[in-house]
Amino acid sequence: MIVEDNPGDIRLMKEAFSESGEDYEIIEAPDGAAAIEYLFQRAKYKGVDGPDLIFLDLNLPKRSGREVLEEIKKDSKLKFIPVVIFSSSSAPQDVSRAYELHANCYVTKPTDLDELFYALRCIEAFWLKAVKLPGRDL
Amino acid sequence: MLRRKLMHGLKHLVPLPRSIRWRLFWLLGGLSLVTVLAVLALWLPAEIREIDSFEDELQRVTVRSIQVRIDHFVREIERDLSRATRQFHMAAFEGDQEGVRGVGQWLLQQHPAFEEVGLLDPRGMETFRLSRRVATVEHVLRDHTGTSFFREGLRKPVHWDRVVITETSEPRVTLTMRFASTGGRVPGIAYAVVNLKFLWELMEDLKVSRESRAYVVDGDGRLIASSDRSLVLRQLSFAQRPVVNELIFSKNPLAVPFVHGYYVNELGIEVSATGMWLAGPSWGVFIEQPLATLYASMWRAVWFLLGLSVAGVLVSFAIAHIISRKVAAPITRLRQGAERIALGQLDHRVPAETADEIGDLARQFNRMSEALKASYDGLEEKVAARTRELSMLYTALTPLAGAEAMPERFVYILQKLISVTGADAASIRVIDKQTKAYTYVAHVGFDPQHLAVLPRTMRSGSSDEMIFADGKPIISGDILADNRITRKRQLEFGLKSTAFLPLIVQSEVRGIIHLASRKLGYFTDEKQEYLMMIARLMGIVVENQQLLQSSIKYAEDLNRSNQELEQFAYVASHDLQEPLRMITGYTQLLSKRYKGKLDQSADEFMGFVVDGAKRMQVLINDLLTYSRVGTRGKEVAPTDCALVLDKTLEGLRVAIQESGAVVTAEPLPVVMGDETQLGQLFQNLIGNAIKYRDHEPPAIHVSCQRENEVWRFAVADNGIGIDPQHAERIFQVFQRLHTREEYSGTGIGLAVCKKIVERHGGKIWVESQGVKGATFYFTLPAKLPEVPGVSE
């Protein structure tokens, strides 16, 4: 799941994942509120499957990435889903705040395309392949 | 005018005595001096006249006694010759030669002055002569026809002839007497030569005093007898002497009892002389006395008198001194007492010894000083009370410098004000200038019902309006009777006395301080000054509060605007990243997917887009770094610069190795600083030193020196140097001196350094000749917090 208000970023990420060869189902949420509705299966999202990995931007319309992160980590079921904060900010206080709210990792969006692709490949390899998490059957 | 000048001169000459004592002294002494001088002036001339006339009298008596003696001698001689003449006449008539001789011898025996005796016949022929010196009578009888004594002797019964003086002999005079005439015919004359030596002896006996002399002159003024014989033998004539002249040439010498005068005698001595006429031989008898001798006694008298006067004056001055002291002493004591009281020794008392006016004065004075002491004590108490009030007020107003909320503070102030002034209720109201509406800042002690009816606006014609107009308080001891106060609602709540004081803030009446008391006559105009002082203090308090509030607000505004600015820079650069990333990302994706599928120009264009976007990325990152120095800094803490440098050099290891740089460092101090930022500082400076090198390998030296309150750090290199004209510019954001082809970089490094140093309270500058090498200096405060164990 990618929570990101910039469609350009989503497209680039999708491009990166498409290059990896794996066929992932990518859920897009353009703002924080939509992300929460989806994750808590509210309204039209009743009964949807939870994501295996969440890419969360910090600066989001309606509800910020921090609020979304907070909601996820407060929830007894959702808190096990790994949340990768994927932000353009490299400010230390943004980083530390994210970890305080129990983000699983913080990655600054690389400007260079190759670096971006490389970062996403690493995340994929780690969080979707290497890591063992509760309730996940591979 | 003249008199004033004279007085002025006198004042300069003799400073007028200021104290009563000296005035008294001079008055008494001067009085006695004037008395003595007056007595002298009146008495001395009289005394001198007295002495003068006394001396005159003495001379007269003396001359008279001489005259008497000479007269006695003359009469004796005349008597003897007269007796002898009768005998001669008889014997001669009888032709008894022996009888004549016997008479002659008798006469010579009668008086030693007789030297010679003789008889002349009417023709002038000598008929008989007997001389003491020539014992015999057998001698040649002389013819005396031509002599003056024969001629005169014939005419006059008794004739004293001219005195004969020769240089060798003693003076002689011939005395003639006629025989009694018979039948109208003179039968003859008898003559006798008288030696005047006798007169001399008389003169010597009759010396009046040592200096005075007597002398006798004949009718021509020739000296015939004197106490000094030599004078006579010199055949002197005294006719030129005025007194002699006066006597012998007066028409009738016998009518003149005495002559008196002054002349300079043959010895050159000024003398006073008195003379008398001697009737028989027509001689003048004189006595002369030197004036010096004469006046000596007079001067003695004068000196005696003067001495006596001086002594008298001295004695009177002494008495004046004693009296003035005695009289002035109590006055002086009074004055000293007054001085001591003036100096504050109110317990001082003046001794009142006497029962006179001065004693009364001293007693009055003591009573006065007691009264003064009493009133002063009262005053002291009043001052002490006022001081207490003021210090209470001060204590009340002092805590107002803090930043508590205003209303609570003013309630507290009013409570203090009530306790200080003794009022029962107090309020402060501030006016809104437009609406004339009152806002009550605080009130204390008012009845709740009274609160409800306190004025809400300033009505025209009210007492408040007067206060706002002229800034003067309205203080009323009796509200009921005071027609200045039109609204008397206070009376309904038992408040009888009130004070409305202007609350003056920045020279403008902004409100009213209202004090009220239940006691009638409590607030009076006497308290006006005190109350106004309170009002002024309150005004200052309000003013201070306003200033404080506005300065706090200003500081907050400034801080907020700074923060907003930095926040803006941060957010702006942050948000700019997003579209940039889109540009670079998709351009790269394009070139990745479509490289070679389009023409060569398209590949180049995409290259420029990517390059531009990347550079913009760097610029934005640098800007972000720059703004973070202010917004994201950590708290300062004691930091060891040597450790910071070590870490920095570790971070720069690759660059150092590649460039072959040699970095040396002197011992560095511990300073108060943000470790991260100090690291950034060293990294930028050393990084620059490595980057801007010429063909030589860089040699970088880091040193530090204490300069008073600061540490001065220096980072010196041997690089390309900086033209001094750019020394300021290089510390500004994005200022570059070189093209990207020469040296890469955005020009943010030194701007960040400057911001870091300034955030730490220091300065940064560069010194360079512009050709070879540059030294960057920066200072950091040397002061460490005084917490033991932190800096060590």
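B:Ile323 is found in helix H8 of chain B, which covers residues 291–342. The model is predicted.

**Surface patch**
- B:Ile323 has a relative accessibility of 37%.
- Together with B:Val315, B:Ile319 and B:Val327, B:Ile323 forms a nonpolar patch on the surface.
- The accessible area of these four residues together is about 300 Å².

**Largest pocket**
- The volume of the largest pocket is about 610 Å³.
- Its lining has 29 residues. Closest to the centre are B:Asn684, B:Asn688, B:Lys691, B:Tyr692 and B:Leu750.
- In chain B, helices H14 (600–631), H17 (675–691) and H18 (749–759) and strand S22 (774–781) each give two or more residues to this lining.
- H17(B) supplies the largest share, 6 residues.
- By type, the pocket lining holds 12 nonpolar, 13 polar and 4 charged residues.

**Cavities**
- The whole structure contains 2 cavities of 30 Å³ or more.
- Helices H11 (448–453) and H12 (463–470) of chain B are the elements that give two or more residues to the lining of the largest cavity.
- That lining divides into 7 nonpolar, 7 polar and 6 charged residues.

Definitions and conventions
Residues numbered from 1 in each chain as written. Chains lettered and ligands numbered in written order. Predicted model: local features only at pLDDT ≥ 70, side-chain atom pairs only at ≥ 80, totals over all residues. Heavy atoms only, no water. 1 Å grid on protein atoms, 1.4 Å probe; cavity = no way out; pocket = protein on both sides within 12 Å on 5 of 7 lines; lining within 4 Å. Points joined across faces, edges and corners; volume = space filled by probe spheres on them. Helix = DSSP H or I, 4+ residues; strand = E, 2+ residues; numbered from the N terminus. Nonpolar A, V, L, I, M, F, W, Y, C, P; charged D, E, K, R; others polar. Patch = residues over 30% accessible without salt bridge, like charges linked within 9 Å, V, L, I, M, F, W, Y side chains within 5 Å. Areas by Shrake-Rupley, 256 points an atom, 1.4 Å probe, with all protein chains shown as cover. Salt bridge = Lys/Arg side-chain N within 4 Å of Asp/Glu carboxyl O. Buried < 20%, exposed > 50% of the residue type's maximum accessible area, 1.4 Å probe, protein only.
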